[in-house]
Amino acid sequence: MKIKYSASGGTTTDSTGTARTPSRRRALRLAGGGLALAALTLGAVGCEGDDVAGSQEPTDAGSGKPGTGGKDSGGDAGASGADRKGGAPEPAWTRPVTAQTYGDNDELVTAAGVVIASGSPLAALDTVTGKEKWSLPDGVVPGAPLLLGKGTLYLASSEYDGSVIGYDPATGKETWRSRLGEEYRQPRPVAVDDEQVYVIAEILEEDGSSRTNVIAALNGTTGKLVWKEKRDFGTEQNGVHAAVRGRHLVYTDFKKNLTVRDTSTGAQVWTHKTTKTNYGFFAVHQNLVIVPQGMTLQAFDLADGKEKWSMKGSDFGLFKEPSVVEDVLYIADSARTMWAIDPQSGTAHWQSEAMSDAGVQVPRQYVKAGDTVYGATDLDKKGGVVAIDARTGAVRWTFNDGSGDYHAWLVATDGKHVFALHGEKLHALPV
């Protein structure tokens, strides 16, 4: 295992990288709606079946092992929920779910003692027992996120009536509703702050078609429209990732537009055309937006779009999706090198080749509990959940359910469990 500590964000490794293959599931996710579902259905033909899908019997630790596939990869295996043999911990529970996911990070959330996976019906499971606490029969609009903010779960209406609805995540009861108007179709919430909910919706033409879309802000208390702005022709309402920091709303779409707007007026502050944004994923921290662009990672000032720092990855490695967790930026590249970076300066706390040495696929999503970072990867055979020492980058263990399901893994945490979603299995791993 090779771990390097650096005082410079531009340090590279001597590993040989390979070009990143775009995720089929993520591309379909960005296409959105029924087309994506149809494509995924066809793509599933010939894939190894999910051995839990359709089962009515939950699996709990001690009553049937679901095939963890964990192993000791040279880290401190005794920490963070690892079992006595040094491998991955046994799930506290495993449940079949009606998940309809495409690999985005907003399709598995936890709040108010429940964990929710995007699906139809939409079910909230108790984090401790895995038992269902409430459900919504019509579920989630395919391709729309599970958006949490202000103690509320915001969803696009599954009745396709132009509404955006807020629910209490603890009970599933409706607490807020808003509607843009009949001239707009399929509004989807993309971001939320203490005052407003931000949505993107198609603008309907007289013949019922749509060639443009609008971004709008809705009052988070009354649901009334605060502002709306027509987006440029050629932009898309699918594949949007968004975040709010102070007075700045920042978002990307499948057309490789990186845009920042003023949250009070909707006015565009600046926009950049990016070369490679890994399907629009980015991270924000304080006054910066951090964007992976092929072999370069760049940070731009939210106020004016000026570059604040940049760094190169390992040789021939393409940067994957970034995450800022507890003021640390975690990112890996296609050469299986991973970094922990100061997001304000671009300086690396450490870089690690532990996953390359262990033959483990690098993560594309991260959560943290205690002194361990948990990463979720694409694909199943060399992926799963990777437990990483947050201080050094060492791999502690990996968890894989052995199902062979072609879906990407997703993770969320309540600080006591790491919830791992894979296809139609949801596992609760102790931390």
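**Aromatic pairs and a pocket**

At 0% relative accessibility, W397 counts as buried, a word used here for a relative accessible area under 20%, with exposed meaning over 50% and partly exposed in between (1.4 Å probe, protein chains only). The model is predicted, so local features need pLDDT of at least 70 and side-chain atom pairs count only at pLDDT 80 or more, while totals for chains, interfaces and linings use all residues. Residues are numbered from 1 along each chain as its sequence is written, and side-chain values use heavy atoms, with hydrogens and water left out.

The structure holds 8 aromatic pairs. Rings of Phe, Tyr and Trp (its six-membered ring) pair if their centres lie within 6.5 Å; planes under 30 degrees apart are stacked, over 60 edge-to-face, and the rest tilted. W270 is buried at 7% relative accessible area, and F300 is buried at 8%.

W397 belongs to another tilted pair, with Y374: the distance is 5.9 Å centre to centre, with 50 degrees between the planes. Because Y374 lies in strand β29 (residues 372-376) and W397 in strand β31 (residues 395-399), the pair ties together parts 23 residues apart in sequence. Strands (E, at least two residues) and helices (H or I, at least four) are DSSP runs, numbered from the N terminus. Y374 is buried too, with a relative accessible area of 1%.

Next comes the open space. Rolling a probe the size of a water molecule over the atoms shows where empty space is left. The largest pocket has a volume of about 1,300 Å³. On a 1 Å grid over the protein atoms alone, using a 1.4 Å probe, a pocket is an open set of points with protein on both sides within 12 Å along at least five of seven lines, and lining residues have an atom within 4 Å of a point. Of the 44 lining residues, the closest to the pocket centre are N105, D106, L147, A242 and A243.

A243 sits in strand β16 and is buried, at 15% relative accessibility. Leaving out residues up to four places away in sequence, A243 touches A191, H248, L249, V250, F282 and V284, where contact means heavy atoms within 4.5 Å. A243 and D193 are 50 residues apart in sequence and 8.9 Å apart in space, C-alpha to C-alpha.

Conventions:
Grid points are joined across faces, edges and corners, and a volume is the space filled by probe spheres set on the points.
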